[in-house]
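Thanks for coming. I will keep this short, so please have the viewer open and follow along.

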Amino acid sequence: MPTLTQPQIGVGLRHPHYEAALAAPHGVDFVEFHAENLFAQSDLQQQFIQDIAARWDVSIHGTAFGLGSVSPPTTQALQALTELVNATQPILVSEHVCFNRAMLHGKLYHGGDLYPIPYNNTSLDVLCQHIDIVQHQLQRPILLENLSAYLDDIEHEYTESEFLTSMVQRTGCGLLLDLNNILINEYNQNSVSPLNNAMTFIRNLPNNAIQEIHLAGFTPNKVNGKYVDDHAQPVYDECWQLYAQTLAYTGVLPTLIEWDNHLPDWSVLQAQAEQARKIALAHRQTPDTLASTDESY
Amino acid sequence: MNHTDLAHWQAQFITSVFSQDPQASNSGMAIYRNNLVLTHRASIMLTFSRTCALLGDNAHIAIYRYLTEFGKASYDWALCGEHFAQSLAQQPELAEQSYISDMAKYEWCRHQINRAPAKPFNQSSIGMLSTHDWSDLYLDLAPGWGLFSSDDDIPTMFVDALEKNTPPVLYGTHQTWVCWRSGNAPQQLIVPAQTQVLYQHASAMSIRQLADLAEVIDVDLMVWLALLMQTKQLFGLRLLD
């Protein structure tokens with residue numbers, strides 16, 4: 001996907017904002033939904049989807065497929081996602097590099113969260129197999145998002161950037177780069193130079209595989225000794241700085257403001273989108289300058 | 001790590017997250033466990049707002065017990081309340097307050113009604129009564145159509161349950177309501193005793209079978225069908241799939 005000359009700035013659209021957003025859609029180029037929230041087939045739901053799609057481009061962000069799980073995604077879930085994608089014609093479809101379920105004593109337990117996976121060949125095989133299933137079902141590539149992870153004792157055989165690069169090479173999927181997740185991981189590792197380390201991580205990824213950016217804030221109080229990616233605050237200064245540095249590497253990309261908890265007024269989200277737009281406009285590149293910075297993998 | 005090892009590793013992880021031991025093995029796992037408990041609680045409280053109002057201060061305990069006893073199998077958070085009424089009915093502390101588990105059943109019924117797929121209202125299909133064998137025809141009922149029974153006036157309590165000073169309205173006699181979606185909202189009506197057996201078999205029996213049943217209980221089938229159509233419980237007739 002080519003980088004943009006005009007910024008595309010989006011906002012995660014949550015239920016309490018529906019009315020205000022539909023009344024004041026300006027300043028937002030696209031909205032993102034969690035896929036599972038739109039699977040119900042009721043009249044209200046279908047009308048809502050039509051109302052939204054009439055005003056904005058839509059991005060569909062899955063949170064429950066857990067493509068790194070050993071058990072494959074269910075036919076029912078895949079069918080629901082396919083119908084949703086067909087109904088909304090989203091500009092982007094994404095999920096996470098995670099697992100979320102397992103069989104315990106013959107019964108399926110689904111954690112409903114984004115659990116980390118060990119970066120090794122077996123995880124890579126499982127994840128790539130399931131990405132292939134989803135991309136074949138949807139007949140389009142999807143983006144996979146990096147996680148914030150809270151366990152220090154997972155034995156990895158690859159670094160995260162090596163793992164993500166291999167995933168992209170094997171499946172042709174893209175990357176959704178969550179800058180807040182990268183920084184939270186640095187903070188939780190007590191990194192001395194979180195911004196520098198974050199940028200090093202990003203530069204180790206194939207830049208033309210990065211096709212969307214997520215920005216978010218987090219509550220700066222540790223929970224059980226860790227900062228948690230709770231999407232409950234505005235985007236903070238260091239995340240804005242990382243955003244600007246990332247755009248210098250990738251060029252302008254569709255960018256989403258994620259705010260899921262302790263929701264502010266819709267106007268606050270619009271203001272966050274505006275701030276992202278200003279940074280993106282400052283890093284807008286012409287096709288000539290894009291060619292000189294492109295790094296193939 | 002081979003495939004079996006990875007499956008075992010993921011199973012161990014999930015076991016730790018769903019573990020009843022409040023002391024997680026490390027701080028990171030406690031975050032995942034906390035997320036599960038809080039998101040599960042929020043989902044149940046959203047689907048069962050009146051039930052949780054009736055539970056009052058015991059709502060969190062009841063929800064936590066439900067999570068530890070029944071787990072969570074679906075990716076869809078909207079389905080995690082499927083057995084909440086059953087869990088409440090099994091709580092010995094609520095044995096004298098059966099209206100609470102009945103309220104959970106009712107709220108689950110309304111939840112399913114709201115989520116039921118839309119379908120076209122096909123009044124002209126009633127004409128198949130003249131053109132088709134009644135043994136091949138079935139009722140095409142409204143989205144979410146189903147029956148709910150209780151000894152207590154749960155639908156009235158549903159309206160009042162958020163007013164904490166309003167005591168439960170108790171009937172003491174068994175009632176059955178028919179519930180369905182008309183337009184964008186759940187509807188319900190009390191099922192008259194005389195036609196109750198017709199409602200009980202409405203979704204499964206053919207028109208022929210319902211007509212035979214109506215004759216036994218001395219009910220005019222066409223009048224009953226007209227009432228169902230008038231109240232938009234009946235969307236039309238269909239042939240067996």
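Predicted model: local features only at pLDDT ≥ 70, side-chain atom pairs only at ≥ 80, totals over all residues.

Let us begin with the interface between the chains. On one side there are 47 residues of chain A, in contact with 37 residues of chain B. The two chains bury about 3,400 Å² between them, and carbon and sulfur atoms give 64% of that area. As for polar links across the interface, there are 7 residue pairs in polar contact, while the number of salt bridges there is 0. On the side of chain A that touches chain B, at least two residues each come from helix 2, helix 3, strand 5 (99-104), strand 6 (107-115) and helix 4. Strand 6 of chain A gives the most, with 9 residues. By type, the residues on this side of chain A divide into 24 nonpolar, 15 polar and 8 charged.

Next, helix 3 of chain A, residues 75-88.

Now the salt bridges. Over all chains the structure holds 10. One of them joins A:Asp152 to A:Lys226, with the closest N and O atoms 2.7 Å apart. This pair links distant parts of the chain, 74 residues apart: A:Asp152 is in the loop between strand 7 and helix 5 (160-171), and A:Lys226 is in the loop between strand 9 (210-216) and helix 8 (237-250).

In chain B, B:Arg65 forms a salt bridge with B:Glu93, the closest N and O atoms being 3.0 Å apart. B:Arg65 sits in helix 4 (residues 59-70) of chain B and B:Glu93 in the loop between helix 5 (84-89) and helix 6 (98-115), so this pair ties together parts 28 residues apart in sequence. B:Arg65 is partly exposed, at 28% relative accessibility.

A local case is B:Asp212 with B:Arg208, at 3.7 Å from N to O. Both lie in helix 10 (residues 207-216) of chain B, 4 residues apart, about one turn of the helix. As a reminder, an α-helix has 3.6 residues a turn, so residues three or four places apart point the same way. B:Asp212 is partly exposed at 38%, and B:Arg208 is partly exposed at 34%. Back in chain A, A:Asp29, A:Glu274 and A:Arg277 are linked in a salt-bridge network.

Last, the two backbone angles. A:Gln139, a residue other than glycine, has a positive phi near 60 degrees. A:Gln139 is in the loop between helix 4 and strand 7 (143-145) of chain A, and is exposed at 62% relative accessible area. For A:His262, phi is positive and near 50 degrees. A:His262 lies in the loop between strand 10 (255-258) and helix 9 (266-282) of chain A, and is exposed at 67% relative accessibility.

That is the end of the talk.

Conventions: Residues numbered from 1 in each chain as written. Chains lettered and ligands numbered in written order. Heavy atoms only, no water. Buried < 20%, exposed > 50% of the residue type's maximum accessible area, 1.4 Å probe, protein only. Salt bridge = Lys/Arg side-chain N within 4 Å of Asp/Glu carboxyl O. Contact = heavy atoms within 4.5 Å. Buried area = accessible area lost by both parts, 1.4 Å probe. Polar contact = N/O pair within 3.5 Å; in protein donor to acceptor, adjacent residues only side chain to side chain. Nonpolar A, V, L, I, M, F, W, Y, C, P; charged D, E, K, R; others polar.
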